[in-house]
Structure formats: structure tokens, C-alpha cells
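Open the model in your viewer and keep the sequence beside it. This tour tells you what to select at each stop.

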Amino acid sequence: MSNLFVRSDVTEATRGIEGRVPSWVEAELAMLAGPIPDAPVGPHCSAPYECPFMARCWPALPPDHVGTLYATRRRALELNEQGYRTIHDLPVDVSLHPQVTGLLAPSVDSESSWLADWLLNKSL
Ligand code: SF4
């Protein structure tokens with residue numbers, strides 16, 4: 001590693017800001033101890049890479065959440081915002097990936113949603 005870094009004494013160069021460092025640290029610690037920012041979750045949480053705070057910000061989702069459907073990542077966010085939280089909440093005419101629509105058509109919005117249950121058990 002020593003070939004990647006250069007050791008240099010910057011003590012004199014940083015004397016001018018030395019006195020401000022404790023207040024910076026206190027401000028950062030206060031921020032970390034404060035409430036979670038009121039920022040909506042969304043596609044920005046996983047693009048261009050997965051945010052390390054996903055577990056904290058994203059609510060626990062039910063096992064039949066609309067996001068468990070095939071190829072519905074962005075669409076699931078829209079559906080969730082529209083109040084369709086689970087597969088069972090989806091109306092028959094909902095627009096989804098063609099493969100999913102074909103599979104769910106007989107099951108959604110009905111008393112007997114056996115197909116949705118079957119799909120969930122298959123861990124889509
Ligand atoms: S998961 Fe990350 S990007 Fe998404 S709201 Fe939380 S902190 Fe922001």
C-alpha cells in the first residue's frame with residue numbers, strides 16, 4: 001500500500017481550520033441522531049447502485065406486494081403509490097408486463113385468487 005500513498009505532514013497547512021473541526025463533528029453527530037429525512041423512496045434508491053440505507057428507509061413489504069410480480073420494479077412503485085399494495089388489490093384491467101397480465105387475469109380482483117397465491121409460492 002505504501003506505493004499508493006504519500007505520507008505528508010499537513011499539520012501546519014490545517015492549523016487555520018483546526019478549531020472548527022469539533023463543531024463540524026458535533027453537527028454531523030446531531031444530524032445522525034436526528035430523524036430520518038422526509039424523502040420519498042423510489043427508483044433513485046437502487047440506481048445507479050443500491051443505497052446502503054434501503055433497509056432503513058423502505059418499509060417492510062408484505063410477501064404478496066405488487067413488487068414481487070415479474071418485471072414490475074418501476075411499475076410496482078407506481079401501483080403502490082396508487083394504493084395497490086398487494087397482488088390481491090390489483091384490478092383485472094391493470095396494465096402489467098404481458099407475461100404477468102396473462103397469468104393473473106383470472107385471479108386478481110376475485111374472491112378465489114388461487115393463482116396469485118400459487119405465484120407467490122413460486123417466489124417470482
Ligand atoms: S434508501 Fe437511500 S436513496 Fe432511498 S430514500 Fe433512503 S437514503 Fe435516500
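Colour the chain by pLDDT, the predictor's confidence in each residue, from 0 to 100. The chain averages 79, and 77% of the residues score at least 70. This is a predicted model: local features need pLDDT of at least 70, side-chain atom pairs count only at pLDDT 80 or more, and totals for chains, interfaces and linings use all residues. Residues are numbered from 1 along each chain as its sequence is written.

Now show the secondary structure. Helices (H or I, at least four residues) and strands (E, at least two) are DSSP runs, numbered from the N terminus. The chain has six helices and zero strands. Its pattern along the sequence reads α-α-α-α-α-α.

Which helix has the lowest mean pLDDT among the elements of the chain? Select residues 114-121: helix H6 has the lowest, 58. Where pLDDT is low, the predicted coordinates should not be read in detail.

Next, select residues 21-33. This is helix H2, with the highest mean pLDDT, 95. H2 has 13 residues and reaches 18 Å from its first C-alpha to its last. That is close to the 18 Å expected at 1.5 Å a residue, where the expected span is 1.5 Å times one less than the number of residues. A residue is buried if 20 or more other C-beta atoms lie within 10 Å of its own, exposed if 12 or fewer, and partly exposed in between, with C-beta atoms placed from the backbone. Of the chain's 124 residues, 10% count as buried.

Move on to Pro48, in the loop between H2 and helix H3 (54-57). The peptide bond from Ala47 to Pro48 is cis, with omega near 10°.

Then pick Pro63, in the loop between H3 and helix H4 (73-81). Is Pro63 buried or exposed? Pro63 is exposed, because 10 other C-beta atoms lie within 10 Å.

Finish at the ligand. Around the ligand, select Ala39, Val41, His44, Cys45, Cys51, Phe53, Met54 and Cys57.

How values were computed. Near = placed C-beta within 6 Å.
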